Amino acid sequence: MSSSITLELILYTTAIGLLIIGLAGVALSRQMFRMVLALVIAEAGANLMLVLAGYRWDAIAPILTSLSDHPVMVDPVPQAMVLTAIVIGVGVQALAVSILIRIRQRYASLDRTEVAERMDAEIAATAGIKRDVSQEAPLGERPLPPIPANAIGSKGGGS
Amino acid sequence: MNNALVLTIALPLLGAFLLPVLMRTSTALGLWLGPLILSYGCWLLSTLWLSDTSLPISLAIGGFAPPLGINLYVDSLALLFAFAVQLLGLICWPFKLDQDTAHRQALMLLLIAAATGLALSGDLFNLYVFYELVAVATFGLVAASGTSAAYAATFRYLILSGIGSVMALLGIALLYSQTGTLNLAHLAQLAPEKLNNPLGLTAFLLMLIGIGVKAELFPVNSWAPEIYATASSKLSGFLAGLVSKLALLIILRLLILIFHQPEAVQVILVLGILGAISGELAAWRAKDLRRMLGFSSIGQLGVVFIALSLPDERGLLAVIALSLHHLIVKTGLFMLADGWGGSLQRLCSIAHTSPLGAALFVLFSLSLVGMPPLPGFWAKFTLITELASQNEPLYLIGLLVFLLATVIETSYLFRIAGSMYQKPAIDTARSAPPPKVSDFSLTAATLFGFALLAATLFIAPLGDGLQAIAAETQNIDLYINTVFPATSGGPL
Amino acid sequence: MRNLTGLLFAGGLGFMLLAIASGINFGNPAMLVGKAIQSSAPEQTGAANIVTSVVLGYRGIDTLGELSILFAAASAAGLILGRRHTTAGTMTKGGFVLHHGGALLFPLLLTIGFYIIFHGHLTPGGGFQGGVILAAAFFLPLLARPGARLHHAMLSLIEAFAGASFILIGLAALMQGEAFLQPMMDQHTLGQLFSAGTLPLLYLAVGLKVGAELASLLSHLAQTESEL
Amino acid sequence: MTEPELWIAILLGLMMLSAAIMVLVVKNHLAAVAAASVVSLGLALLFALMRAPDVAMTEAAVGAGLSSLILALALRRLGLWKIEGNLIKTDLLAIKNRRDTDA
């Protein structure tokens with residue numbers, strides 16, 4: 001029994017580790033492709049957690065071999081959910097990647113600060129706002145902590 | 001016959017699957033398919049509303065009884081939102097005809113199906129699936145506008161929403177590991193004994209952040225102004241008006257049915273306060289109409305979250321009233337932004353070229369600010385009295401912030417309205433023709449304006465109706481008994 | 001600043017999750033729904049693989065939603081990456097091994113894919129896994145031969161009708177006065193190939209839909225850089 | 001729960017975590033994609049260990065196979081497909097394996 005607890009703790013720690021690495025990676029990486037990869041890792045962690053939620057250490061896989069005996073099985077519901085989640089994840093990932101391809105074509109850059117800056121400039125330009133007017137107060141335009149202006153120009157990531 | 005209600009989700013999906021092929025064989029048929037399906041959905045929902053079926057009802061999909069299978073839970077609130085989805089989908093339908101029409105309309109149908117699912121579903125993971133479908137369809141529709149800024153904004157939204165969905169999935173995993181069920185009613189039964197602990201709170205916070213992405217909750221709302229500035233106005237109206245409310249509806253259900261901890265409420269209150277103040281301040285500084293609308297929508301949803309943190313039925317009434325009011329007004333404003341999007345300076349003395357649009361803008365602004373006869377006043381009035389009657393200091397801060405937000409809102413909305421009615425100055429710098437709202441959008445906006453005025457006239461019966469809806473939503477026992485009839489001690 | 005916020009957030013989350021670890025009863029989950037499904041699945045759906053019962057029966061609408069997500073992702077990618085190009089292949093010519101190996105692998109992958117789909121209600125596997133293999137089978141020629149291209153009209157036809165038939169099977173149940181997506185037809189003996197009523201049909205629809213969806217996604221991504 | 005399974009889980013967990021970190025720190029993008037597919041593969045093995053054969057199959061097919069294929073194809077279109085560069089030896093090995101499986 002005691003050894004079983006350790007196994008689940010290992011799995012739990014792995015799941016948390018993947019999640020944290022993934023989320024920190026999304027937050028930290030400058031390069032947009034790297035953000036997608038980090039998101040994939042975080043999703044893997046969440047999936048592991050979900051399967052873990054239905055895992056029993058004393059059970060068999062949820063496939064019946066005969067109707068007569070009723071062996072203890074692991075919970076099939078989280079497994080079905082993870083199946084769904086995995087496929088959803090890959091769909092989102094493919095979409096992210098195809099958007100990236102376009103961004104790369106248009107902006108010739110995958111640096112997140114640079115792309116964000118150019119996006120802001122483009123929105124302002126299509127709206128017909130003179131850029132120098134809004135330059136004095138870029139901080140107030142976002143509810144989130146904005147991208148520091150000094151980071152522009154230094155291309156980050158590993159590209 | 002109630003089983004047919006599932007058609008409001010299934011038919012748009014079917015239409016979406018078939019649309020690209022259908023469009024290739026017969027363009028006319030393809031073009032009519034979407035509006036036809038949506039009209040049928042509206043008809044289906046309104047007949048249910050008008051018939052003497054006693055709400056709420058619970059439909060088991062696949063004939064599997066609820067805790068095992070997935071059920072649709074249809075009460076007045078869910079029905080109202082489902083109807084709003086189908087109707088607004090019809091109004092915001094992308095009629096634009098080009099080579100991408102089939103795909104764009106298919107994505108719109110998917111978005112509508114998923115949004116209807118969000119309103120009706122009574123299963124946590126099913127809600128997650130529909131939530132993701134809403135997200136993916138939104139990405140596609142925003143990116144379909146094809147500008148570089150739209151791609152960049154979509155990508156940033158996608159990453160944020162991806163983080164959100166990981167969080168929500170994690171919350172679901174924690175909940176499931178603790179209770180072994182996903183059905184909301186079943187969870188509501190088990191919650192008092194199994195989820196009233198730090199683990200339950202953690203699960204709630206994770207799901208709050210996850211679902212809060214779409215509800216424009218404070219720390220995860222940076223996508224909103226960017227998306228609204230780059231997507232088409234109709235889509236922005238749909239997203240800001242409706243999808244955010246549907247995410248809010250999920251949070252509301254979770255809060256009422258499952259998570260009763262005071263900490264959960266406090267977190268929502270604090271995030272709401274922060275969202276309200278930051279959104280309104282940013283809107284005040286915004287220089288173009290669409291981003292201003294995006295920021296102000298963040299601010300107003302912050303106010304709704306403040307209302308959500310109120311404990312009793314009147315608080316819930318305020319939430320529902322504010323949400324519906326915001327739904328009508330914000331969608332109407334985005335309809336106007338269809339032609340007026342862009343710098344606020346372009347709107348200078350626009351009232352002389354398009355008086356109807358300017359009048360509508362003023363009407364919406366007045367209601368948004370809370371001018372007495374208009375519905376916005378009653379919604380805000382309920383909130384103020386309710387906030388003032390609480391004696392916790394945090395609620396007082398909420399009240400102050402709410403008043404401050406209203407003042408800021410007034411100042412920027414009427415700065416614009418004032419400039420609209422300015423005498424046309426001899427402005428040589430602006431040689432471009434004045435922006436014009438397309439006829440269709442103007443008609444739609446007029447409809448929203450009429451809806452607002454009608455609500456003003458019938459405010460008393462409307463208030464009673466909303467009160468009844470709030471009471472019904474608040475009633476946990478009713479929810480549980482509807483999903484699990486006959487069984488008293490629990491479904492399993 | 002932003003980095004710090006992100007790190008703090010991730011660290012806080014990790015701490016929170018570790019802190020509640022003691023509260024989770026690992027290895028002995030409540031399984032309220034899980035146990036009930038295990039005992040009733042053989043009678044209600046007739047599939048030996050209970051995960052399949054859950055995916056297509058109990059949570060059938062989830063699967064429908066998931067198919068829709070894939071469809072949405074594929075058509076959004078199609079919208080973003082532009083119209084179908086005439087050459088959807090790789091720039092470089094594949095080597096001898098790739099070329100002939102591809103030709104050899106194609107029928108093999110096809111067989112395996114359909115095998116996995118048709119045995120989804122009996123053994124591990126099913127529409128998703130089989131669909132991925134089908135997509136790989138159709139994508140392989142693209143990698144191997146530069147000029148090769150997918151039959152896009154065919155692909156979208158399969159895509160449309162596979163998805164539609166999933167819903168139509170569900171609607172057929174509704175027409176007969178039952179609930180949407182209710183399993184129908186005889187269940188036959190548990191463990192037989194022809195058992196579990198409509199479930200294998202649903203899985204076939206899922207497999208074809210997933211396969212077509214992924215193949216078109218992949219071919220969009222593999223387009224040559226002509227427009228650059 | 002038997003002793004060997006415990007060790008397998010520990011090893012797989014460590015492998016996945018280090019691969020996950022590698023995804024974020026390694027300079028070469030191809031190596032990062034390879035590391036991400038290592039994570040998926042480890043996850044698939046863990047699922048098999050946890051008596052979830054369906055999920056394991058899906059994760060292997062979708063996560064390790066398809067997802068890496070999508071990412072690799074994207075790398076080429078993004079112009080990040082570089083094999084040379086300042087790599088450490090283990091990465092190079094991983095890339096070779098990946099290319100073989102891709103082909």
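This is a predicted model: local features need pLDDT of at least 70, side-chain atom pairs count only at pLDDT 80 or more; totals for chains, interfaces and linings use all residues.
Me: Which secondary structure elements does chain D have?

Reply: Helices (H or I, at least four residues) and strands (E, at least two) are DSSP runs, numbered from the N terminus. Chain D has 4 helices and 0 strands, in the order α-α-α-α from the N terminus on. Counting contacts (heavy atoms within 4.5 Å), 61% of those in chain D with a separation of 6 or more join residues 24 or more positions apart. Chain D exposes about 4,300 Å², 70% of it from carbon and sulfur atoms; such areas come from the Shrake-Rupley method with a 1.4 Å probe, and for residues only the protein chains shown count as cover.

Me: Let's zoom in on one residue. Is Ser244(B) buried or exposed?

Reply: Ser244(B) is buried, because its relative accessible area is 0%. Ser244(B) sits in helix 10 (residues 233-258) of chain B. Beyond its neighbours within four places in sequence, Ser244(B) touches Lys214(B), Ala215(B), Glu216(B), Leu239(B) and Leu301(B).

Me: What lies 2.7 Å from a polar atom of the Ser244(B) side chain?

Reply: A polar contact is a pair of N or O atoms within 3.5 Å; within protein, one must be able to donate a hydrogen and the other to accept it, and residues adjacent in sequence count only if both atoms are side-chain atoms. For Ser244(B), the atom at 2.7 Å is the backbone oxygen of Ala240(B).

Me: How much space lies in the largest pocket?

Reply: On a 1 Å grid over the protein atoms alone, a pocket is an open set of points with protein on both sides within 12 Å along at least five of seven lines; in a cavity, a 1.4 Å probe fits but cannot get out, and lining residues have an atom within 4 Å of a point. Points are joined across faces, edges and corners, and the volume is the space filled by probe spheres set on them. The largest pocket holds about 1,200 Å³. Its lining has 41 residues, with Leu80(B), Leu324(B), Ile328(B), Leu462(B) and Leu466(B) closest to the centre. Helix 18 of chain B gives the largest share, 10 residues. By class, the lining has 33 nonpolar, 6 polar and 2 charged residues (Ala, Val, Leu, Ile, Met, Phe, Trp, Tyr, Cys and Pro are nonpolar; Asp, Glu, Lys and Arg are charged; the others, Gly among them, are polar).

Me: And how many cavities of 30 Å³ or more does the structure hold?

Reply: There are 15. The largest cavity has about 150 Å³ of space and 14 lining residues, with Val40(A), Glu43(A), Ile86(A), Glu59(D) and Gly63(D) nearest its centre. Helix 3 of chain A supplies the largest share of that lining, 5 residues. The second largest cavity, at about 110 Å³, has 13 lining residues, including Gln300(B) and Glu409(B).

Notes:
Residues are numbered from 1 along each chain as its sequence is written. Chains are lettered from A and ligands numbered from 1 in the order in which they are written. Side-chain values use heavy atoms; hydrogens and water are left out. Buried means under 20% relative accessible area, exposed over 50%, partly exposed in between (1.4 Å probe, protein chains only).
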